[in-house]
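Here is a short briefing on one protein chain.

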Amino acid sequence: MALCVYCGVRSGLFAKVCGDCKKLLAKVDELRGNVGYGEFLDGLAATGVPKEKIILFLKADPEGKGSVRDQVTAEMTSELMQVMGLKGKQSAENVKDIRQSIEKEKK
Ligand SMILES: [Zn+2]
């Protein structure tokens, strides 16, 4: 049995992503770049997937390129920078680094 790369739940014999996380991924594609973070989370909740699973999904980093949450945060930050006339781009790796350094300081 394979485990879902996002939430760790059994995803079926060959599937790397379980049904719930597939639903969430589709929703992320639909929402990203179109809505703010609050609406984004509401949209994910509207899929009917349990909240705990959405949290696992957002924190997952199956490719080591930053979690879904970091990627979406990076996109929203980049957009905001453009709106404000700033050059540059925020990458998911950057957001991940910043978040990890903040989490380290808290400890
Ligand atoms: Zn899953």
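## Overall fold

The protein chain has five helices and two strands. This is a predicted model. In sequence order, the pattern reads β-β-α-α-α-α-α.

**Dimensions and burial**
- The C-alpha trace of the protein chain spans about 50 × 30 × 25 Å along its principal axes.
- The protein chain has 107 residues, and 25% of them are buried.
- Take the contacts in the protein chain with a separation of 6 or more: residues 24 or more positions apart account for 37% of them.

**Nonpolar core**
- The largest nonpolar core contains 14 residues.
- Within this core, the residues with the most contacts are Cys 4, Tyr 6, Cys 7, Cys 21 and Phe 57.
- The most comes from α3, which gives three residues.
- Phe 57 touches Tyr 6, Cys 7, Cys 21, Leu 24 and Val 68, leaving aside residues up to four places away in sequence.

**Packing of α1 and α2**
- Helix α1 covers residues 19-31, and helix α2 covers residues 37-45.
- These two helices pack at an angle of about 145°. Their axes are 10 Å apart.
- The crossing of α1 past α2 is right-handed.
- On the α1 side, Leu 24, Lys 27 and Leu 31 make the contact.

Terms used: Residues numbered from 1 in each chain as written. Predicted model: local features only at pLDDT ≥ 70, side-chain atom pairs only at ≥ 80, totals over all residues. Axes fitted to C-alpha atoms, helices over the stretch in contact; angles between N-to-C directions. Helix = DSSP H or I, 4+ residues; strand = E, 2+ residues; numbered from the N terminus. Left-handed = near helix turned anticlockwise from the far one by under 90°. Contact = placed C-beta atoms within 7 Å. Core = buried A, V, L, I, M, F, W, Y, C linked by C-beta atoms within 7 Å. Buried ≥ 20, exposed ≤ 12 C-beta atoms within 10 Å, placed from the backbone.
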